[in-house]
Amino acid sequence: MEERRNLPEFENSPKKWRYNFTKSLFTFWKNVKMYGVENQRIDEEIAYFKKTLDFFFAEKDEFSILFDGIDVKVDKVRIRGQRQDDKYFDDIYDLFLSLCLSGFVFKKGVDDRQILGFFAVLAKYPVGREPKIQAYERVRADLPPLTHIEVFPYDPEESGNLPIYTVPQAIRRAHRKLAAEYPDYAKMVKAAENIPLRTVERSVQDLISIAQNLSDPGNYALLMLLAALPAYRGSVAGAAAAARTIFSILIALRLGLEPSEVKRTAIAAYFQYLSDDPDTGYTVLSRMDEFSYTRIEAALNASARLTDLSEVGLMMEGTACGTVPSEILKVAAYYDRVTRRWHDGPLLSRPEALRSMLKNAGAGAFRRDIVDTFVTIAGVYPCGSVLRTISSNELVVSCGRFKNFTAEGPVFVLNPDLSVQERRMVKAENLIDVPDAAGAVLPPATLIQMLEAFLKEQ
Amino acid sequence: MLHIAKKRELTEFFRSIPLEKKQQVYRGVRAVIAMLVKISKMTELYSIRDKIFTEFTETLMQNLDVIHNNIPCVSVTTKKIGFYYQERRINLFDAGERKFRNIFLVNEIRELYFVKGITPEELLNFFSVIQETINYTLIDYDFNTRLWDRGVTHIGTLSDPDMGDPEPWSAEEFKGESEPVAPAALCALTPRSFHDLAAIVKEFETVGAIGRSEFDAWRRERGKAFTIQRYLEKARLLILRDGIEANRSIIGKMCEYALTNLQEGDFISGMVYLTNLQQLRRSMEGADEALLGSVASVFEKIRSDQFINKVFEVAATIAPEHLPAFGEYLKIVSAEELEPVFLKLVELGQKEARLHGLEAIAGNLTDDELVKRLATNPDWHVVRNLLYMLRFSYRPSFLPTVREAMHHPTKQVRIEAAHVLSRYDADENVEFWHKAVLSPDEEVRVLAVENLLRIKGLVAKQILNEMFKPAQLVRFSTLDLEQYVGRILASKREEFFDLPGNLIFSDNAQVRLMALKSLNTIEDPSAISSQVIRRIKSPEFETIEQHEMELLLALLKGTQLPSMLDALTPLLTMQGGLLNRKRYAPLKKRVFGFLRRRAAKSGTITKWLEKAKKDGDAETKEILAGR
């Protein structure tokens with residue numbers, strides 16, 4: 001099967017060129033090792049190597065490949081061998097380790113003479129496993145004067161100690177993974193490829209662990225605001241999948257489900273709408289390599305989902321399969337769907353959506369206890385609600401939990417140009433919903449201002 | 001679960017450890033990692049259930065305790081060239097080190113940390129995770145996800161996704177299919193009238209009013225088996241609608257999962273799959289056999305020796321809720337060939353699983369020859385388990401074998417045989433029960449009494465009379481007798497009640513007390529009124545101990561109460577001789593005192609006491625007046 005990264009649509013993908021560069025570096029080095037610098041093969045190699053460099057030099061003056069003791073970073077992005085074809089990564093690790101190198105930086109304007117001189121020295125030494133600083137010193141001494149290539153030594157004891165993410169950063173990372181990769185998964189489903197589920201599992205597990213210790217209101221608000229994002233990297237479906245995952249985790253934890261049940265519910269929430277057709281979703285999730293109970297639950301829930309909403313938003317029958325996660329997902333999916341400008345059907349403001357859910361629960365469409373749990377989590381003005389203050393008629397966006405209609409909670413006060421003026425505590429009794437703002441997409445700059453506020457707090 | 005902030009806190013703490021402790025801890029950490037390398041190799045050879053891992057757990061716990069006595073958390077860095085502790089290389093000279101380390105490299109793990117409070121269960125789970133990930137890292141899971149799944153909280157990792165430089169948010173991230181709202185348009189929108197708020201607030205008033213118990217009960221109903229059942233119903237619908245070919249992968253997974261669940265000890269799920277596969281087979285009758293081949297192969301495979309061995313291995317640690325499903329599985333596999341399954345069960349150490357299994361396969365036991373052969377097996381365990389199985393397999397043709405087993409040299413077998421014989425008609429086995437009443441085995445004797453009491457007519461009376469003769473009674477302990485008496489009274493056959501009734505005259509005080517206590521459990525002791533009356537009129541009545549007296553007088557109830565009270569009438573006027581006029585006063589006090597306490601509940605006794613006040617002598621009147 002052809003590599004996805006070699007498909008025409010990835011022609012200008014930096015990711016593809018990072019891999020191309022790494023592979024070219026490897027083959028160039030090996031060929032110099034085998035044939036020396038004066039060989040026709042070398043001419044071909046250097047031409048391709050320069051082509052890969054030129055791709056990056058189009059936008060920047062410097063381009064680097066660095067090794068931190070575990071991974072290789074090309075152009076400051078960590079890349080790994082992902083397939084059988086990427087076995088050369090091990091040789092590159094060995095090259096760096098044995099010569100005690102932490103990386104090279106190529107500068108715009110580097111010529112063939114410098115590149116060949118550099119590779120001739122690299123190819124001179126055998127590769128082993130134990131890094132010795134003397135090896136680096138020998139390389140350094142052998143190198144001709146290079147104006148456009150810089151070389152750095154590797155210190156095995158100091159490497160690999162990157163900073164650890166804070167909780168908000170971890171929330172953001174998990175959300176980004178879930179939302180950004182969703183469209184790719186949908187493509188994989190269409191192409192009948194296997195989905196790398198472990199990344200979804202990991203993000204879901206991290207979110208659950210964070211939600212289990214959600215004592216900081218800032219972290220709660222960040223989670224709920226991320227869930228309220230209208231789209232992520234151009235994908236409404238991705239943002240919706242991440243939102244369903246977050247809502248289902250919060251509901252399931254609040255209902256006292258075991259962590260494993262919470263995880264199954266969240267995975268099912270994420271994949272529920274992966275395909276256009278419920279039966280396809282069921283079939284695809286049944287095809288997973290590791291066909292565990294988690295997949296069964298996800299597959300089953302993918303087969304029962306919201307398909308029909310009447311004009312007033314009342315739920316139709318047959319939208320859940322009767323399992324505990326399916327009833328939770330129904331609530332999470334309904335809230336997300338009616339508050340997001342996406343599908344056909346009713347579009348409600350967030351406070352209106354809660355009212356609709358309570359009404360629907362009364363009509364038997366939802367389990368009342370699950371709706372109550374969600375309302376308790378979201379509060380009467382859920383995060384992302386566009387509101388007005390009664391006293392000063394200011395336009396505000398809710399960014400915290402208002403337990404009831406007398407409680408106090410935080411809001412972002414917006415300027416007339418919709419930039420954020422300030423974050424302020426307001427009593428719920430001083431707020432009023434703007435129902436016509438249902439589905440309103442705020443400018444990206446406003447969203448960034450809001451989210452930044454929670455990341456900066458840490 | 002440890003979340004990222006905790007991980008960070010622990011790592012920062014770890015980095016601040018005083019240098020002097022590092023050397024000591026380094027040695028401990030080296031020992032732990034060396035041990036883990038060894039364990040990782042063992043996981044490729046043995047199942048985690050093997051006792052070798054219990055031993056490893058103990059040793060590792062000791063090593064970790066030594067470390068944690070110094071610091072609450074140690075974190076080992078995993079690099080391409082080796083493990084590091086506090087920036088110092090952990091030199092290990094074991095060929096398995098690289099393979100073990102590779103788990104962490106492949107799974108993007110930078111640090112592996114051990115926090116104080118690790119439990120042996122966590123370590124075993126940790127070994128399982130090593131076993132699962134040492135050779136294969138599937139795209140569906142990895143070391144980190146498995147640690148989380150198994151609830152290992154005191155051993156954790158810092159992996160690549162937990163580290164790095166946070167990037168700034170960019171506007172590109174938030175672009176979507178819809179254009180952002182124009183500021184003027186949003187500002188121009190009219191809010192809801194605040195007069196509506198009163199009604200809205202009311203709608204939210206009852207939120208949270210429903211108790212959690214209803215949800216919890218519903219959640220219990222909709223457990224794992226329900227979900228799998230629903231999943232398989234959907235699968236069958238798709239297969240029947242679109243055909244086997246179009247759903248080959250689903251069928252494949254159903255088959256695979258049926259086998260995996262059974263092999264991993266999840267018998268409930270495994271049986272749900274098997275049942276659905278059976279139903280699918282039936283619904284698809286007439287379909288291409290080749291297409292249904294994978295389904296047929298499941299049923300072949302579950303009967304194979306290798307598979308059965310594996311199932312029995314996991315059954316040794318079966319959870320109680322899986323016992324019925326385990327039985328159902330055995331019922332299926334023993335339908336064609338029972339003996340191997342039976343012999344496996346005999347060897348199964350887990351008693352509950354063994355008993356459930358024997359009961360389940362009993363329905364498939366029809367072969368008389370097999371029963372005869374197994375009953376003569378030199379290993380008495382085989383015979384005993386066979387007889388236990390026969391409890392649930394009623395066939396008159398097995399009766400001779402059971403009767404034969406009543407004379408088996410091993411006590412446990414005789415007892416089991418008596419249990420089986422109890423399942424058959426007692427009248428047909430009178431002679432066996434007759435012999436059994438004097439069996440050396442207490443349990444057999446009790447069963448004999450029970451069965452004799454089931455015999456119609458009075459044939460058994462003669463046997464039991466023999467058993468209750470004083471000469472025979474001395475052979476039994478009071479506890480034995482108590483059981484016989486209990487069985488007789490529980491039978492509600494009053495024609496046998498005189499047997500325990502007579503025990504109130506026993507020379508043995510313990511036996512008398514036991515009999516009286518037991519007789520007091522019956523509501524109407526009329527059947528033994530003659531014995532009670534005889535006891536009251538006996539010369540010993542005057543000297544009976546207080547406790548025994550009260551137990552005897554407590555029998556004054558039921559339909560024969562007046563006649564029993566009449567037996568006490570002489571006491572109203574009894575007096576001692578000239579030299580001992582008040583001889584009967586203590587007796588009168590005990591008897592009348594007891595009856596006065598009882599009078600509140602019984603009108604007959606009240607009337608009798610009134611009569612006693614009238615007819616009694618002066619001494620009686622004084623006692624009844626409470627003086």
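**Entry 1. Contact of chains A and B**

I looked up the contact first: 73 residues of chain B and 91 residues of chain A take part in it, two residues being in contact if their C-beta atoms, placed from the backbone, lie within 7 Å. On the side of chain B that touches chain A, the elements giving two or more residues include α1 (4-15), β1 (73-79), α10 (224-242) and α11 (248-263) of chain B. Helices (H or I, at least four residues) and strands (E, at least two) are DSSP runs, numbered from the N terminus. I noted that α10(B) gives the largest share of this side, eight residues. By class, I recorded 36 nonpolar, twelve polar and 25 charged residues on the side of chain B that touches chain A. Ala, Val, Leu, Ile, Met, Phe, Trp, Tyr, Cys and Pro count as nonpolar, Asp, Glu, Lys and Arg as charged, and the others, Gly among them, as polar.

The model is predicted: local features need pLDDT of at least 70, side-chain atom pairs count only at pLDDT 80 or more, and totals for chains, interfaces and linings use all residues. Residues are numbered from 1 along each chain as its sequence is written, while chains are lettered from A and ligands numbered from 1 in the order in which they are written.

**Entry 2. Chain B overall**

I found 34 helices and five strands in chain B. Of its 627 residues, 37% are buried, that is, with 20 or more other C-beta atoms within 10 Å of their own.

**Entry 3. Helix α12(A)**

I checked α12 (residues 293-302) of chain A and found nine of its ten residues buried. Among them are A:R295, A:E297 and A:N301. The buried residues pack against α10 (259-271), α11 (278-286) and α13 (324-339) of chain A, together with α10 of chain B.

**Entry 4. Two helix pairs**

I compared axes, which are lines fitted to C-alpha atoms, for helices over the stretch in contact, with angles from 0 to 180 degrees between N-to-C directions.

The axes of α26 (residues 478-490) and α28 (residues 509-519) of chain B come within 10 Å and cross at roughly 25°. These helices are therefore roughly parallel, the term for angles under 35 degrees. In α26(B), residues including B:L481, B:V485 and B:L489 take part in the contact, and in α28(B), residues including B:V511 and B:M514. I counted six nonpolar, four polar and one charged residues in this contact.

The axes of α13(A) and α14 (residues 350-362) of chain A come within 9 Å and cross at roughly 140°. The contact of α13(A) with α14(A) has six nonpolar, two polar and one charged residues.

Technical notes: Buried ≥ 20, exposed ≤ 12 C-beta atoms within 10 Å, placed from the backbone. Parallel < 35°, antiparallel > 145°, perpendicular 65-115°, else oblique.
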